[in-house]
Protein chains: 2
Amino acid sequence: MDVRISVQNLTGMPLFEGLDTEEIGEVLSRVNVLVKRFRKSDYILLAGDCVDNLCIVINGTVQMIKEDIWGDKSIIANLGSGSVFAESYLGRRHDRSIVSYFAASDSEVLMLPFGRILETPSNSKAHTKLMCNIVSILADNNSKLIEKTEILCKKTLRGKIYAYLEQEAANAGAKRFIIPFSRTDLANYLDADRSALTRELARMRDEGMIAFEKNTFEILD
Amino acid sequence: MDVRISVQNLTGMPLFEGLDTEEIGEVLSRVNVLVKRFRKSDYILLAGDCVDNLCIVINGTVQMIKEDIWGDKSIIANLGSGSVFAESYLGRRHDRSIVSYFAASDSEVLMLPFGRILETPSNSKAHTKLMCNIVSILADNNSKLIEKTEILCKKTLRGKIYAYLEQEAANAGAKRFIIPFSRTDLANYLDADRSALTRELARMRDEGMIAFEKNTFEILD
DNA sequence: AACTCGCCGTTGCTTTTGCAACACCTAAGT
DNA sequence: ACTTAGGTGTTGCAAAAGCAACGGCGAGTT
């Protein structure tokens with residue numbers, strides 16, 4: 001389950017952007033770092049769990065989810081490789097996670113006790129860059145959540161679907177793109193009923209707004 | 001409009017927590033800092049505006065809002081004194097704000113060109129504390145957005161209302177509490193129709209789930 | 001090959017809820 | 001004192017969307 005990490009894999013990660021392998025080694029030498037593997041459908045962290053590590057997706061896909069008492073699942077965010085999560089433990093409000101994290105595919109996650117790094121003052125180049133990176137990442141995670149609420153704030157299902165597709169198109173930089181969700185998961189992401197989603201997608205296609213085939217979508221006009 | 005800032009006012013702010021007045025002065029001496037006053041209903045920042053300052057609510061109430069083409073207003077978050085906003089400019093994804101900020105009451109906002117502070121390495125105590133603080137604040141803002149999505153992900157209006165009231169009760173630490181929204185604003189915060197909200201609140205009262213009088217609510221049971 | 005399981009589309013039904021219109025109230029300004 | 005403007009509760013109606021059930025399909029397993 002636990003795996004030694006090769007520093008090589010980390011150079012492309014947003015958290016370590018701008019740091020060379022030597023600098024990454026310097027940072028990691030001061031803390032206990034750990035990579036955990038998860039199988040598809042494993043829970044990485046449960047809502048209510050105590051969190052004491054910053055988590056980084058090395059590869060695979062992780063979903064931030066919230067399940068209610070009835071087992072009704074809502075996907076809050078989809079996290080690809082390089083994503084940083086469980087950052088709420090860096091805040092003062094919560095020491096427990098309010099959401100769950102879930103391996104949507106086989107995944108490797110780097111667990112990093114970041115508190116130590118934070119509190120240790122240092123004016124090394126590596127440390128400064130790392131601090132800048134974490135601030136940027138947190139700000140970006142923020143933006144992503146705001147974008148998500150821009151989907152959810154739409155009053156109609158069609159509005160949500162369209163807002164979502166526009167975001168994916170903007171991400172892809174093209175009117176035609178592939179979405180990372182199955183229909184079931186998309187329904188959970190939009191917090192809508194799956195059958196209602198299928199129905200509304202069909203209507204939008206019939207009206208010539210969009211075209212799609214499996215997970216490939218296109219916004220028409 | 002622009003006002004000189006007295007350092008005294010900042011000692012209580014989360015961003016400067018743990019810093020004494022001398023240290024705050026040291027930090028501020030390196031950048032141009034500015035306090036702007038806004039009248040109730042003024043826009044502080046418009047969606048699409050270029051952002052180059054971190055903003056801190058000194059006093060008053062600021063709303064993060066998103067308006068669509070039809071003027072339909074959605075309140076994403078309500079920001080009281082001490083709140084930090086417009087932080088997405090610290091990220092790499094956007095240099096423009098994707099949402100608007102709006103003075104819900106007469107307000108004073110501190111504008112702080114934080115990028116300069118970030119990039120200047122320093123191992124002074126003050127600098128280290130400031131970095132820790134900003135990380136904590138960003139993480140907390142994250143948690144708040146996640147909590148907001150926990151309201152919006154509910155499929156029924158009653159679910160949203162109840163989730164919201166539970167959060168307010170948790171914030172207040174009591175079953176009885178005062179909400180900061182008018183009915184109209186609450187509808188915009190929950191992204192629901194105002195009349196439907198009134199109707200559902202009345203039903204929940206009739207069924208004995210909750211009691212309320214103006215803006216004072218109580219969760220029963 | 002038979003079977004299971006999970007995902008997908010379809011459809012009928014019912015509830016929810018958005019929308020529009022109206023009347024009332026309060027506060028602020030003239 | 002009058003007027004205006006904005007917030008609030010109410011209600012009828014129509015549209016939207018959740019729910020449940022079913023059948024088909026494809027992948028993986030025995």
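The surface near DNA strand D has three nonpolar, six polar and six charged residues. Here Ala, Val, Leu, Ile, Met, Phe, Trp, Tyr, Cys and Pro count as nonpolar, Asp, Glu, Lys and Arg as charged, and the others, Gly among them, as polar. A residue is near a strand if one of its heavy atoms lies within 4 Å of it. This is a predicted model, where local features need pLDDT of at least 70, side-chain atom pairs count only at pLDDT 80 or more, and totals for chains, interfaces and linings use all residues. Residues are numbered from 1 along each chain as its sequence is written, chains are lettered from A in the order in which they are written, and side-chain values use heavy atoms, leaving out hydrogens and water.

Among the 15 residues around DNA strand D, Thr156(A), Leu157(A), Asp193(A), Thr184(B) and Arg194(B) come nearest. Sugar and phosphate make up 50% of the atoms of DNA strand D within 4 Å of the protein. Phosphate oxygens of DNA strand D meet the protein backbone. A polar backbone atom of Leu157(A) is 2.3 Å from one. For a backbone N or O atom of Thr184(B), the distance is 2.7 Å. For Asp193(A), it is 3.0 Å.

A polar side-chain atom of Arg194(A) lies 2.8 Å from a base nitrogen of DNA strand C. For Ser195(B), a polar side-chain atom lies 3.2 Å from a base nitrogen. A side-chain N or O atom of Arg199(B) is 3.1 Å from a base oxygen.

Notes:
A polar contact is a pair of N or O atoms within 3.5 Å; within protein, one must be able to donate a hydrogen and the other to accept it, and residues adjacent in sequence count only if both atoms are side-chain atoms.
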